[in-house]
Amino acid sequence: MAVAVEKLITSDILKPGRYLGNERLAVHKAWDKAAIRWVLTYPEVYEVGASNLGHIILYNILNAQPRQLCDRAYLPGKDLADKLRETNTPLFAVESKRSLTEFDILGFSLSYELGATNILEMLDLAGIPLTWKERQQTGGEFTNLQSQFPLIFAGGQTATSNPEPYADFFDFIALGDGEELLPEIGLVLEEGKQAGLSREDILLDLAQIPGVYVPQFYDMAEDGSVHPCRPDVPKRILRRVATPIPAYSIGLVPYVETVHDRLTIEIRRGCTRGCRFCQPGMLTRPARDVEPDKVVEAIEQGMRATGYNEFSLLSLSCSDYLSLPAVGMEIKNRLKNENISLTLPSQRVDRFDENIANILGGTRQGGLTFAPEAGTQRMRDIVNKGLTNEELLRGVKTAWEQGWDKIKLYFMIGLPGETDVDVLGIAETVSWLQQECRGKGRKTLNFNLTISNFTPKPHTPFQWHSVSTTEFKRKQNLLRQEFRRMKGIKVNFTDVRISAMEDFVGRGDRNLSKVVRRAWELGAGMDSWYENLDRAFTAWGDAIAGADLDWKYRQVENGEWNLFHAQDRNRSEDAENTQFLTPVQTRLITSLDTPHSLDIPLPWDHIDTGIDKKWLKEDLQRALEAAIVPDCSFEGCSHCGVCGTDFGHNVVIESPIIPQFAGEFVPNTTKAQRLRVWFGKHGNMALVSHLDLIRLFDRVVRRASLPIAFTGGFHPMPRISVATALALGATSSGEIADFELTVPVDIDTFREKLVQEMPTDIPIYNVEQIDLKTPAATQLLETAEYLITVAALEETTPIQWQEWIDTIKAKDELWYEHTTKSGKSQLINLRDRLFELELVETPKSIAESISVIRYVGSYRQDGFLLRPEQILFMLGTVASREFQLLHIHRNRLILAV
């Protein structure tokens with residue numbers, strides 16, 4: 001049975017379109033024909049989760065498996081969460097509207113250290129016990145998979161790097177890439193379900209799959225390390241590696257605007273640059289390029305299938321994909337007449353050149369982001385950034401010469417070996433770049449800077465290092481003072497409290513599970529960090545104190561929770577050698593003189609990422625010497641330990657020839673034909689906003705390959721004009737939109753293509769050709785006809801309803817106080833705006849007191865209009881009682897002749 005959630009998804013909640021599950025390219029498989037039913041649950045609001053590439057890829061892959069079904073769920077907004085709790089309605093999957101407890105397996109993406117509180121929120125809303133132990137106790141003996149609760153697992157970067165702080169909450173953890181791993185898990189579940197295996201036996205079978213970690217089969221030792229508690233599971237669990245398949249990136253085109261509202265195609269997975277602070281670079285090795293032809297094919301097919309006007313190429317370092325200029329130019333040339341733009345994430349400034357600038361430029365030139373990370377050459381060498389001052393200037397200057405007036409730069413403070421000179425070097429570097437990029441007739445180059453605090457991450461050479469919050473604050477103040485004297489600079493600093501908490505949780509052990517749970521109980525959801533940081537930080541602090549771990553958190557705050565403590569021995573003989581080093585460097589060198597200190601077990605040592613711990617220690621020593629390790633994708637092997645049969649090898653594809661640039665998009669402003677379309681808005685589409693509807697029309701026209709005309713200027717827009725907005729939640733059978741085309745199209749053909757691409761809840765009633773000189777429908781609006789469903793809050797007879805209608809019609813004046821946009825009040829006579837009024841449907845009984853009223857009122861765009869709420873005001877005035885507006889349906893818009 002589907003959960004009765006439709007009555008909760010109404011226009012009174014924020015963005016109800018989040019929860020409809022009717023996106024284009026959503027996959028709806030038959031429930032009864034599926035042997036295993038998945039839910040991919042993203043622990044963030046819909047706008048974040050629905051645009052996450054990994055979420056889309058795994059959703060498509062699972063639904064491509066025979067006898068497997070995959071639905072989706074997201075963290076609901078507070079308004080819907082409150083409704084769910086008030087009505088005792090469990091959290092549901094968006095497509096089937098079924099309770100999450102009806103599925104066999106729930107998978108959560110865990111990509112941020114503090115994100116687990118959102119997972120607990122979703123489990124609680126679903127009525128699922130939070131820990132695997134509670135689920136076993138509550139669910140009885142678990143004689144088969146179809147027990148009271150589904151299996152709960154997590155995947156993602158944070159889950160892979162150190163799952164221990166979250167081990168109590170999950171039945172298993174999926175480590176690494178999921179494209180091949182999740183289908184293997186599905187097969188094991190299907191076999192176990194058919195065989196009637198117990199929950200424990202199924203988990204034991206899953207533990208044999210490389211990449212599956214079942215925490216309940218492992219115990220934590222006193223030193224925090226983790227070891228098997230039974231002989232039939234592996235001592236170390238392998239991270240899975242898969243080859244990217246771009247075709248699975250095409251899918252899920254939301255009606256609601258998302259964070260990444262574009263087609264995203266992965267071009268390269270993994271990074272071998274070897275930045276010593278970078279966890280993704282260490283956890284995704286080896287680097288694997290995607291064949292350029294497959295990328296081009298996926299983008300072209302994806303843009304046709306989705307109707308997006310923007311696409312993004314994704315990689316940890318897009319510039320290291322040698323085929324980037326060729327692929328970008330090929331796509332730009334192929335889609336040159338469709339006003340398509342390309343965006344790239346943060347990229348290597350040393351590889352930014354005119355070729356990349358050409359594929360990024362155009363009528364909608366996007367932002368540009370570089371990450372120098374450090375302000376001095378010495379610090380960039382320590383972190384192995386592989387970037388010189390000359391390369392930095394060349395990349396920034398190229399961008400400036402190609403038309404960019406604003407660039408975003410990422411820097412980091414608190415790195416090992418950093419001095420105040422290095423910190424101030426950030427400001428000096430930015431000032432230097434501004435001075436070098438000056439020219440007549442050009443604005444000064446502006447920078448948006450993000451200064452983040454270094455947070456040590458597991459499986460990196462810097463995992464043994466931390467910095468005190470006091471030191472972070474001091475360094476931030478140094479930079480604030482410097483930037484006050486500079487113009488054209490906007491600076492954002494990361495809150496040191498967030499950084500300390502990320503460090504504390506990210507490098508924690510199983511003892512932190514109780515902290516995470518208590519923090520959630522005290523209200524520390526992800527949203528609270530943005531809405532009320534003080535409250536969130538207090539919740540986490542109270543949770544840490546309640547677990548008697550505040551002493552450990554103090555070590556993080558003081559920068560002491562690392563292995564670089566000064567040894568109690570005389571270092572006088574080295575005083576001369578260390579007098580010019582910072583205390584941090586001295587402690588680093590001191591500790592490295594006692595090699596056993598770096599061999600202390602870590603809570604994540606049982607996770608086999610492929611990188612040898614010995615190599616991490618050696619690379620830390622190289623950092624102290626400011627020694628660079630070359631990128632092994634393009635130079636010699638760095639001997640990190642990854643390449644081999646378990647993880648594969650680097651795959652680097654040489655670039656094809658860069659096609660000749662065919663020129664920028666030139667908007668076709670020819671107006672050869674104007675078509676007027678009458679359409680409706682029913683069912684779920686009533687919960688899609690007007691702005692989202694405008695975006696939908698743009699995508700429909702692109703998918704249908706209709707020759708739409710564009711406006712001119714710097715930001716060409718398709719010439720599609722919807723006559724007027726419809727209130728959220730209202731339905732209609734009389735909306736109007738005008739389309740202007742560059743070449744004439746047969747009306748029946750136009751309508752057929754439009755119907756084919758439109759959602760079924762937006763029916764097309766009629767299409768007419770109108771003269772090009774005819775004013776737009778929005779200028780011709782005169783009146784509108786509505787059907788409104790109204791409830792009286794007291795018992796009312798049909799005769800009373802009719803009397804009230806007649807009384808309103810008999811009056812010449814009904815005055816209403818209207819507040820203008822500027823805040824001024826004015827009296828208006830509503831009766832002047834009402835032309836027709838009749839009772840269409842009367843209540844079936846006195847107790848029901850619900851009627852349907854039809855009215856025709858003014859609907860001029862100069863503000864002379866009659867709204868449905870104002871009909872209620874008139875009813876209240878003549879009846880001296882309160883009424884409630886239950887539903888609005890617009891029958892038709894009437895244009896002036």
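**Basis.** I am working from a predicted model, in which local features need pLDDT of at least 70 and side-chain atom pairs count only at pLDDT 80 or more, while totals for chains, interfaces and linings use all residues. Residues are numbered from 1 along each chain as its sequence is written, and side-chain values use heavy atoms, with hydrogens and water left out.

**Aromatic pairs.** I looked up the ring pairs and found 18 of them in the structure; rings of Phe, Tyr and Trp (its six-membered ring) pair if their centres lie within 6.5 Å, and planes under 30 degrees apart count as stacked, over 60 as edge-to-face and the rest as tilted. I noted Y46 and Y74, whose ring centres are 5.1 Å apart with planes at 80°, so this pair is edge-to-face. Because Y46 lies in helix α1 (residues 46–49) and Y74 in strand β2 (residues 68–74), the pair ties together parts that are 28 residues apart in sequence; helices (H or I, at least four residues) and strands (E, at least two) are DSSP runs, numbered from the N terminus. I checked burial as well (buried means under 20% relative accessible area, exposed over 50%, partly exposed in between, with a 1.4 Å probe and protein chains only): Y46 is buried at 1%, and Y74 is buried at 4%.

I then turned to W801 and W804, which have ring centres 5.5 Å apart and planes at 65°, so they too are edge-to-face. Both lie in helix α28 (residues 798–810), 3 residues apart, or about one turn of the helix, and both are buried. I also recorded a cluster in which ring pairs link F679, F697, F739 and F750.

**Charges over rings.** I count a charge as sitting over a ring if NZ of Lys or CZ of Arg is within 6 Å of the ring centre and within 35 degrees of the ring normal. The charged end of R72 sits over the ring of Y59, 5.2 Å from its centre, and R98 lies over the face of W31, at 4.1 Å from the ring centre.

**Loop serine.** I looked up S249, which is in the loop between β9 (237–238) and β10 (263–266) and is buried, with a relative accessible area of 4%. Setting aside neighbours within four places in sequence, I find S249 in contact with L53, I56, I57, L263, T264, I265 and E266, where contact means heavy atoms within 4.5 Å.
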